[in-house]
Amino acid sequence: MREWRGGLLALLTLASMGKAAADSPLKPCRIDGIPNELRCGSLQRPLDPARPDGVKIDVHFVVAPAMARNKQPDAVLVLAGGPGQSAIEVAPMMLQRFSRLNNRRDLVFIDQRGTGRSARLDCPDDSKLPLTEQLDTAAQLRRLDACRATLEKLPHGDLRFYTTTIAMQDMDAVREHLGVPQWNLEGGSYGTRAALEYLRQFPSKVRRTVIDGIAPPDMVLPASFSTDTQAALDKLIDAHAKTFPGLREDWQKLLASLPRTVSVAHPMTGKPEQFTVDRALLLRAVRAPLYQPALGAALPAAIRAAAQEGRFDGLFGLTSAFAGRKGMKLAMGMHFSVVCAEDAPRLDGATDQPGADYGRFDADMYARVCKTWPRGDVPADFYKVPAAPSPVLVLSGGADPVTPPRHGERVVQALAAGQPARVQHVVVPEAGHGLTGVGCMRDVIFRFIDAKTDAAALPQDAACATRIPRPTAFQPVREGSPQ
């Protein structure tokens, strides 16, 4: 009798497990670059929240399950940058950085609507075009206009419904779908704006927040681009003045020599191509390596080679090295749907002073694209950063050309209103865009999120990162020079 009862109990248990698996919102899956089996799922969401019975889109997500049996219920939600980056595509890199967090917490990667697998709003890949076409600003604008027209014909092509506000409602719907009581938010670059908007709409659903490279909602992106890139370039030139005396003069000489026809090997084919370098093209080429000080360390030599010898391979090689990193490709349709709704309408009132060299290049380009791009509604409260309802760790790189500490400082003041102990701003003076990959910062983030109480979460000791020096300038080896 006991054996029969035990067998029946086992059968009932197996049946229950089978039903749970069938009802689970997640299915086993694998992602390139990740050796372990993951869990994948999707959730159907209305394109227009005001029309729940209208057009639907599928929001896709991937869960890296906690490794330990006694896992914590508060998962970590990784919010991607851009706007336009796929969270799932950057999952391999982020899982490496947050492996300690993944020991006892699920890591969740949701492709924000308009990116990755979630109703992606993609434009054709420019990297396969000849350099002449890739780098022609007028041709780029024509391609974007054609892309917009193509996207609008898609079933999910109403570009007004890809704002950050609506996307964060998707994120909370996924939280409910997965049964997660609270998120620990981790956002970088545009992901910080997303995190702040989620925090504004759903404050009780957030346990801890890490925002890295702050792009606050009141930041007018096309205007601040000029101010912040100019500051980063000036800082780099000053930092390497001893190794490259006269570098600022070289830079101004190079600008004054434009436009000019140059020959450069295509970064993908290696074949030489001739094209005209104008001021806008040079400014774009210099900006990209400034994001990473390790690449920026090669800029002085590249600027000197272009100014004094007319050799531009170094400059455009650095640009392609940055753009070629895995996960860097943006869904440009989603990018402009966000920026044209949230930033472009505020361009005329922007208070950021244009950089001496960069001027209004970015502002003018975005204004031209956004003139015909459909514009979503943005609530007035979107631009207000509320007081932090839970601990927030703010991270900034002092050499960041797009989200430097000045933006982080403004956000900290708002978040810390009345509760200064809930917010800490860590600045690494010689770091670029994004600190999660810098030195020991992943350990700082782990300690912050893993702390059992809010009181123990902050402040964190980040001295191990703040003392990291700027990489020394790259010195090319000339033929016949001593090795």
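Reader: What makes the link of Cys123 and Cys147 left-handed?

Author: The torsion about the S-S bond of Cys123 and Cys147 is -90 degrees, and with that value the link is left-handed. Helices here are DSSP runs of H or I with at least four residues, strands are runs of E with at least two, and both are numbered from the N terminus.

Please bear in mind that this is a predicted model, in which local features need pLDDT of at least 70 and side-chain atom pairs count only at pLDDT 80 or more, while totals for chains, interfaces and linings use all residues. Residues are numbered from 1 along each chain as its sequence is written, and side-chain values use heavy atoms, with hydrogens and water left out.

Reader: How do you know that Cys123 and Cys147 form a disulfide?

Author: A disulfide is defined as a pair of cysteine sulfur atoms within 2.5 Å. The sulfur atoms of Cys123 and Cys147 are 2.0 Å apart, and therefore the pair meets the definition. By this rule the count comes to four disulfides, and when the bonded cysteines are numbered in sequence order, the pairing is 1-2, 3-4, 5-6, 7-8.

Reader: Why is the disulfide of Cys29 and Cys40 called right-handed?

Author: The torsion about the S-S bond of Cys29 and Cys40 is about 75 degrees, so this disulfide is right-handed. Cys29 belongs to strand β1 (residues 27-29) and Cys40 to strand β2 (residues 38-46), 11 residues apart, and the pair thus links distant parts of the chain. The sulfur atoms of Cys29 and Cys40 lie 1.9 Å apart.

Reader: Why is Cys29 called buried?

Author: Buried means under 20% relative accessible area, exposed means over 50%, and partly exposed is in between, all with a 1.4 Å probe and protein chains only. Cys29 has a relative accessible area of 14%, so the residue is buried, and Cys40, at 14% relative accessibility, counts as buried too.

Reader: What makes Ala119 and Ser189 worth a remark on their phi?

Author: Most residues other than glycine have a negative phi, and most peptide bonds are trans. Ala119, however, has a positive phi of about 50 degrees although it is not a glycine, and Ser189, likewise not a glycine, has a positive phi of about 60 degrees. Ala119 is placed in the loop between β5 (107-110) and α4 (131-134), and Ser189 in the loop between β6 (183-188) and α7 (190-201). Ala119 counts as buried at 12% relative accessibility, and Ser189 is buried with a relative accessible area of 17%.

Reader: How do you know that the peptide bond joining Leu258 and Pro259 is cis?

Author: Omega for the bond between Leu258 and Pro259 is about 0 degrees, and the bond is recorded as cis. Pro259 lies in the loop between α9 (247-256) and β8 (260-265). A cis peptide bond also joins Leu458 and Pro459, with omega of about -5 degrees.

Reader: What makes a set of residues a nonpolar core?

Author: A nonpolar core is a set of buried Ala, Val, Leu, Ile, Met, Phe, Trp, Tyr and Cys residues joined through side-chain atoms within 4.5 Å. Of the 68 residues in the largest such core, Ile110, Trp183, Ile211 and Leu415 touch the most other members. A second, separate core of 40 residues includes Ala64, Val78, Met94 and Leu393.
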